[in-house]
Amino acid sequence: MTTRSTPDRLTAVGRTIRTLRSEQGLSLTGLAAQAGIGKGTLSELETGQRNPTLETLYALAAPLHVPLAVLLGEEPGAEASDEAVSARLMGSRHHDDGGITEVYWLTIAPDGSRVSPPHGPGVVEHLLVVRGSARVGRAAEELTITAGESHSWRSDDRHSYTAAGEGAVAVLTISSPPPG
């Protein structure tokens with residue numbers, strides 16, 4: 001998960017997951033099933049014994065009804081990655097109406113591809129490519145964009161990030177509306 005995966009950082013992420021799960025009345029088994037991960041994996045994440053991938057954090061964010069930034073502790077510089085994509089949180093902002101905006105420095109590996117699960121209703125992503133090119137967007141509606149270009153899409157459905165050749169570096173903004 002984090003390139004800053006110090007024991008303190010892993011413990012903080014695990015504590016956040018456990019607290020959210022408890023506040024929402026979810027059992028370990030129930031959350032693991034909703035997220036599509038093993039109960040043992042979730043237990044190890046909650047106790048800070050396992051380093052979560054970007055894919056696992058997104059799988060947990062959906063059933064917990066929180067943005068990725070919340071699971072990362074909203075700490076600028078916190079990173080989550082998998083074999084294809086690395087996302088470094090640049091910052092997040094909670095708005096007066098309850099909405100949240102997250103900003104990430106995103107790196108897509110050469111020939112890397114990642115399918116992201118749906119986020120909540122009304123969530124919008126905006127990606128500006130800084131270097132390279134990427135094919136991004138909702139499933140079956142992806143666009144190829146190059147350095148200096150951007151694309152926005154509602155991310156309440158599966159969406160993907162793919163880079164060919166040299167990969168891509170981009171700024172990703174995720175805007176979540178107020179709850180309910």
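Modeller: Happy to! Strands here are DSSP runs of E with at least two residues, numbered from the N terminus. Keep in mind that this is a predicted model.

Colleague: Thanks! In which strand is T101 found?

Modeller: The element to look at covers residues 100-108. T101 falls in that run, which is strand 3.

Colleague: With which side chain does the side chain of T101 make a polar contact?

Modeller: A polar contact needs a pair of N or O atoms within 3.5 Å. The side chain of T101 has such a pair at 2.7 Å. T101 also touches several residues beyond four places away in sequence, including G91, T173 and I174. The polar partner is the side chain of H95.

Colleague: Which element gives the largest share of the lining of the largest pocket?

Modeller: The largest pocket has a volume of about 520 Å³ and is lined by 23 residues. Helix 4, strand 3 and strand 9 each give two or more residues to that lining. The largest share is three residues, and they come from helix 4.

Colleague: How many residues of that lining are nonpolar, and how many are charged?

Modeller: Eight of the lining residues are polar. The rest of the lining divides into 14 nonpolar and one charged.

Colleague: And what radius of gyration does the protein chain have?

Modeller: The C-alpha atoms fill a box of roughly 45 × 35 × 30 Å along the principal axes. With 180 residues, a compact globule would have a radius of gyration near 16 Å, so the chain agrees with that expectation at 16 Å.

Note on methods
Residues numbered from 1 in each chain as written. Predicted model: local features only at pLDDT ≥ 70, side-chain atom pairs only at ≥ 80, totals over all residues. Heavy atoms only, no water. Helix = DSSP H or I, 4+ residues; strand = E, 2+ residues; numbered from the N terminus. Polar contact = N/O pair within 3.5 Å; in protein donor to acceptor, adjacent residues only side chain to side chain. Contact = heavy atoms within 4.5 Å. 1 Å grid on protein atoms, 1.4 Å probe; cavity = no way out; pocket = protein on both sides within 12 Å on 5 of 7 lines; lining within 4 Å. Points joined across faces, edges and corners; volume = space filled by probe spheres on them. Nonpolar A, V, L, I, M, F, W, Y, C, P; charged D, E, K, R; others polar. Rg over C-alpha atoms; globule rule 2.2 N^0.38 Å.
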